[in-house]
Each structure stands twice: as structure tokens, then as C-alpha cells.
Amino acid sequence: MKHNLQLRIKNLSKYFLVIICTQADLHLCTFLPAQNGKIDSLLAQLKRDKEDTNKVNHLDYLASALYSTNPDSTILLGTQAVAIAKKINFKKGEANSYSSSGVGYWAKADYLKALENYFNALKIDETLKDSSGLARIFGNIGIVYDEQSDYPKALEYYGKALKIAEQRGDKKRIAIQLSNMGVVYDEESDYANALDYDFKTLKLTEELGAKNLIASALGNIGIVYDHQAESSSKNKNVNEDLLNKAMNYYLQALKLDEELGNQNNSAAWLGNIGTLSITLKKYKQAEKYLLDALAIDTTIGFLNHTQNTEEQLSDAYEKMGKPELALKYYKNAMALKDTLFSQEKNKEITRKELNYQFEKKQNEQKAAQEKKDALAQADARKQKVILLFVIGGLGLVILFAGFIFRSLRVTRKQKKIIEIKSAETEKQKILIEEKNKDILDSIHYAKRIQQSLLPTEKYIGKNLSR
């Protein structure tokens, strides 16, 4: 069973995510293209703005309003906003503007440049600890990896965004991340997980009353059932129960999107319903829905969808026994297919080059990180050696100081002993001097006594002369 018109509205759910919600009023946060009145109003404001935070915000708003219709302008406006934000040191504005530029590059499928801008924004938001900004950027990075079919990385970044949204209690962003994760599981043919996430999304969006998000959730559930039926039909008969479930959800999504005036989505659901009707052999019903889809496709210039719609119309008319109409739409489809093939070939060449550059950039970043890690390890070893030298030097200083201190103690002890001995010597000297004095005094005293007892020479001389 071939469903050429199976258009999973994953891009739409992604558009919800990548819109830049830079201010509290969120007046430009919508997945629909901005109205001309809003663009004119912003252009008028920008003419009056000085190079301040207002101008940065207005440039950012205008960039986010134009990304789906003119991504080159989004990139240019985002770049201008970054320059002004840097000049006036407006970090939050700089992060938002990098994000805007990233959205522009994503819209042009320049994934390398998109990631470069997203990671620039991420660094700033991490520094600012801006959880809302981090959730947005993580989600946007997840989208780029999803586009590259790197599903594990996509789920990793969607998961990071989801965790922050849950911490903040931001139900709308939770629904968006659940929806994007559901898309990844559908792309991996993990239909059980895809349905689990899509039903969680539906429940949250219904609580929020966000009709545009409800419509996408309903349609995405329909697509999972349709893909599940297609997968099961490869080995078995067509599972009509799954197809009827898919039809029911497509119809609900179509009703809401028609009420909202979402032409792109309405065309997608009409085409899916028409294709599914062919599988169910309801050819008249298929004709009606496919012709309605073709009318919208032609009006909005949805060429890829136009080609698929005309191809399915050809199939329906062939089964209805209308060969002329079948041939007409077949020729139209083939003519468009040639045009689209040429465009897709050019896009594929561009994608291959971008993928090469993307992988090259990742390898360069990995090599740079490894070099940085090696330098950090070498620096750590150097610091360790220096630390050991310092510790060794301090040890020697402490040892030398201990030796000096010991020497001083010994010197002081010896000096004290000398002082004590000197004091004792001085004391003994004084005692000796005192004893000597006593002896001399005794001698002098005895001499005086002797002299007093002995006759004088004159007396002796006198008496001898007699």
C-alpha cells in the first residue's frame, strides 16, 4: 500500500518550537506566517529606534516573523541584532538574536550554520541561567539533528528541553517537546512510543485549549495509525481498524485547521484522507478530498504536495474507470515530478555538502576538544610538579628553620650556663677578696700589737749605752 500523500505534520510541530519568544507578551509567537500589519508596524518602530535594547528586540521580532517566508531576511536581521546587542552589552538580546539567525539558517537547510548560531545562544543562556532560553535552544538543536536523521541526538536534546519545561511547569512547551519526540519515534517506526507521546501531547493541548496544537496532535495520531496499518499490510491483509482510526483523527484535525484557516495543514489532511479513501476503496470520497486538496495546493503553490495529489487523483480515476482523467492527472504529475526532481537533486547535492561540512565541523570540534583536554592534562601535570617542588621547598625551609631553632636553643642554653658560671666565679672572687681582706686586716692588726709590745730602737739604744 503506497501513501504518497502521507504528510506527517512534524514540520508544523517543529515550527511551534523554533519561533523566538523573546518577550513576556509573546505577541509574535505563532506558527502562522506573520500578518503584513505586524511587519509594517515593526518596520515603522525600527525607523524610530535608537541603538538600544528596543531596537535589538524589534529586529529579533521581525526576524522571527519572516523566517518561514524569507529566511535570508531573518538571517540578516538576526546578524544586525547580534552586532547591536554586543555593542550595548545586552546579553539576553544577543542570545535571542543568535537564535533568530539559527532559525533562518535552519529554514534554508544550512544545518551547520544553524547549529553554530544555536550553540552561541546556548553559551550565553547558560551563563545567564535562563531556563526558558535553554529550553528553546535545546529544542531547536534537537530539530537540526532530527533533520539529519540523527535520532538519538534529536531525542537527547528534545529530552533536555522537556526536562526544563517540566521544571518550569510550561505545559505548552512540554506539549511541543512531546510532539517532536513522537515524530522521531514515528520516523523510527516505533509506533507504540509514537502514539504514547502523541496522546500525551493531545491531552496537554486540550487542557491548554490551543486549537492549532490540538489539530496537529490529532493529525499526527492519525498518521501513526496509518503508518502502522501500512507496515502491518506488508505481510498481512490491510488492517481496516487501524485505517478507520487514522481516518477519524484526520477528519478531526481537518475540521480544526479549516476553522483556524490553516491552509497548509488543511491541504495535508485533505490529501491524506483522499489517499486513505483509495485504500478503503471509497473512490468517490477520494476524488472529493483530493480535488479539494489540489485546489488549496494550487492556490498556495505547494508544488510537492500538488504533484502527489495529482498522482493520487490519477490512481483514483483509473480505479473508477475514467482513463481520460487518469491520464490527464498522471501527465500533470509527471511534469511536476520532473521539475521537482531537478529541484530535489540540487537540494540533495546541497544537503550532501552540508552534511559533509557538518561532519567535518564536528570532527574539528572533537579534535579541538581532545587537544584542549590534552593541554589541560599537561597543564595539570605541570601544576602537580610545581606543587611538589613548592612542597619540597617548604619542607627544606621548615627543616632548615628547625635546625636554626635548635642551634639557637643550644646557644641560649650554653650562654645561660656561662652566665651562671660567670656569676659563680664572680661570687667566689668576691669571697676570696673578702677573705684576703680579712687576712690582711689580721696581719696588720697583729703587727700593730707587736709594735706596741716591742721597745723602740731609741729605747734600746739608750739602755744599752749604760
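**Helix packing in a predicted model**

Helix α14 (residues 283-300) and helix α15 (residues 303-319) pack at an angle of about 155 degrees, and their axes are 9 Å apart. Axes are lines fitted to C-alpha atoms, for helices over the stretch in contact, and angles run from 0 to 180 degrees between N-to-C directions. Helices are DSSP runs of H or I with at least four residues, numbered from the N terminus. The model is predicted: local features need pLDDT of at least 70, side-chain atom pairs count only at pLDDT 80 or more, and totals for chains, interfaces and linings use all residues. Residues are numbered from 1 along each chain as its sequence is written, and side-chain values use heavy atoms, without hydrogens and water.

**α14 and α15**

- α14 and α15 are therefore roughly antiparallel to each other (angles over 145 degrees).
- The crossing of α14 past α15 is left-handed (the near helix is turned anticlockwise from the far one by less than a right angle).
- In α14, Y283, E287, L290, L291, A293, L294, D297 and T298 meet H305, T306, T309, E310, Q312, L313, Y317 and K319 of α15 (contact means heavy atoms within 4.5 Å).
- This contact of α14 with α15 has seven nonpolar, five polar and four charged residues (Ala, Val, Leu, Ile, Met, Phe, Trp, Tyr, Cys and Pro count as nonpolar, Asp, Glu, Lys and Arg as charged, and the others, Gly among them, as polar).

**α3 and α4**

- Helix α3 (residues 53-66) and helix α4 (residues 71-87) have axes that come within 8 Å and cross at roughly 165 degrees.
- α3 and α4 are therefore roughly antiparallel to each other.
- α3 passes α4 in a left-handed crossing.

Conventions
Helix = DSSP H or I, 4+ residues; strand = E, 2+ residues; numbered from the N terminus. Parallel < 35°, antiparallel > 145°, perpendicular 65-115°, else oblique.
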